[in-house]
Amino acid sequence: MARRYPDTHVLYRHLTREFPLIVKGEGCWLIDEDGRRYLDGCGGAYVASLGHGVTEVVDAVSAQIRSVAYVSGMSFTNRAAETLADLMAGLALGDLGHFYFLSSGSDAVEAALKLARQYWVERGHPGKSVIVAPEPGYHGNTLLTLSAGARQHYRKYFEPWLLDVPRIPAPYEYRCPCRGADQSCPRCSGAVLEKTLLRIGPEKVAAFIAEPVGGSSTGASVPRPGYWRTIREICDRHQVLWISDEVLVGAGRTGTWSALEPYGAVPDIQVMGKGISGGYAPLASVAVPRRIADVLARGSGALLHAQTFSHTPMMCAAGVAAIQYLRDHELVSRCATMGRVLHRELGALRALPHVGDIRGRGLLAGIEFVADKESRAPFPRAARFAERFTSAAQQAGLMVWPNIGHADGTDGDLVMLAPPFIISEEEIGEIVARFRTALNNVNGEQ
Ligand SMILES: Cc1ncc(COP(=O)(O)O)c(C=O)c1O
């Protein structure tokens, strides 16, 4: 029996929808109290990368809680935080060797932005405060991260509280006026950032923040091979810190630990979240090199972002166990291999009505729906295509993640897939079959 507001005391994420009650997770599947099975095609919110019910991780977290669940990061360190930082340093890009642990992606992006600002003030550049970010883009739901994000429907009631954040167009070939065909296109190459920095005055800019591969905001758009090296050069030339937000696409999701690995470019600050702990505890991280942390160490002495649950043993133990499990079972390379299978099989959906584009890397895929394939015209928002598809998919026992508004801020419908890295070929076949059923049902309603 599904639950809905106000029949119970829970204030649900949506107040007009029903919520099935999940009682168990097994591998790539979720099971509700009535025994209905859902294929977890997006790992919840891109979180369950190891799959559900991994006893090694459960045992490690419970062992940590039995020994000590919580100590304040104000007074103590703990073995789980030390081990997690060592493991992540071993996997990190370039000089990103020091880690601050928090319990959500929004908290970590907020901390990274504050760190960038604090770094410039402590280096004697108090005029550097502006954040530049791409549109479409999403970086979290606290007020500073909401300011950095460009998702209008999340921002609309809170505009009076948000900062002005100058934008560059995100690398998004399917929606670029050049349609990805122009090799010299400044949007697709990243060169557009330079013009924006010069317009603002680089001496006022603290940081440029962006996702290295698109998450749901651009439906897994993959920038060109030279994109991030161009961004690195521009940021260096103008003394702007580059923050890579890998909350959604990091921790192996695109087939490499960092989504930036294939680009050969290293950011100044990197944020991860979601899949680092596989969902066995809330966990996010901010990675910095010594050249940045030392400025604070020599100055104020601390990142001014104290939170009760930062560096908590229980949360870090989940990260340690999840990363060890990924490593022992070679799941990141499996993600790359099974990602190729997923994208090959999804290719069959291109021929279906209203499938405009399918893109992504590793076990991350975005499927963009359009009213007209030739012109790429989106459906009007009132048609609620993404929402109707998502509920049809749930009816067919497939969980996907919808996104709207990417075409012009209001219109645009896409759904995302990001299954656990343990997914089998047979289960990928199930994703494609259930996707097809859901789309046929939605198209039948038109
Ligand atoms: C790119 C990106 N950054 C930040 C966040 C915020 O993370 P959280 O929802 O854990 O606060 C998200 C969440 O979806 C995200 O996709």
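Leu-102 stands opposite Ala-284 in strand β10. The model is predicted; local features need pLDDT of at least 70, side-chain atom pairs count only at pLDDT 80 or more, and totals for chains, interfaces and linings use all residues. Residues are numbered from 1 along each chain as its sequence is written, and side-chain values use heavy atoms, with hydrogens and water left out.

Five bridges join β4 to β10, and the two strands run antiparallel. Strands pair here if DSSP finds at least two bridges between them. Strands (E, at least two residues) and helices (H or I, at least four) are DSSP runs, numbered from the N terminus. Strand β9, residues 269-272, is joined to β10 by three bridges, again in antiparallel fashion. Val-271 has Val-286 as its bridge partner in β10.

Strand β10 covers residues 284-288, and five of its five residues are buried. Buried means under 20% relative accessible area, exposed means over 50%, and partly exposed lies in between (1.4 Å probe, protein chains only). Ala-284, Val-286 and Val-288 point one way from β10. Ser-285 and Ala-287 point the other way, and they too are buried. In a regular strand the side chains alternate between the two faces of the sheet.

Ser-103 is found in the loop between β4 (98-102) and α4 (105-122). Its relative accessible area is 28%, so Ser-103 is partly exposed. Ser-103 touches Pro-282, Leu-283, Ala-284, Phe-309 and Met-315, not counting residues up to four places away in sequence. Contact means heavy atoms within 4.5 Å. Ile-22 is 81 residues from Ser-103 along the chain, and their C-alpha atoms are separated by 23 Å.

The ligand is surrounded by eleven listed residues: Ser-104, Gly-105, Ser-106, Tyr-138, His-139, Gly-140, Glu-211, Asp-245, Val-247, Leu-248 and Lys-274.

Oxygen atoms of the ligand lie by Gly-105 and Ser-106. For Gly-105, a backbone N or O atom is 2.8 Å from a ligand oxygen. For Ser-106, a side-chain N or O atom is 2.5 Å from a ligand oxygen. A polar side-chain atom of Asp-245 lies 2.7 Å from a nitrogen atom of the ligand. The protein covers 81% of the 390 Å² of accessible area that the ligand has on its own (Shrake-Rupley method, 1.4 Å probe).

Ser-147 lies in helix α5, residues 143-148. Ser-147 counts as buried because its relative accessibility is 1%. Its side chain reaches the backbone oxygen of Leu-143 at 2.8 Å. Ser-147 also touches Arg-155, Leu-162, Leu-163, Val-165 and Arg-167, not counting residues up to four places away in sequence.

Thr-254 lies in the loop between β8 (241-246) and β9. At 4% relative accessibility, Thr-254 counts as buried. A polar contact of 2.9 Å joins the side chains of Thr-254 and Arg-361. Such a contact is a pair of N or O atoms within 3.5 Å; within protein, one must be able to donate a hydrogen and the other to accept it, and residues adjacent in sequence count only if both atoms are side-chain atoms. Beyond four places in sequence, Thr-254 touches Val-213, Val-249, Ala-259, Arg-361, Gly-362 and Leu-364.

Technical notes: Near = heavy atom within 4 Å.
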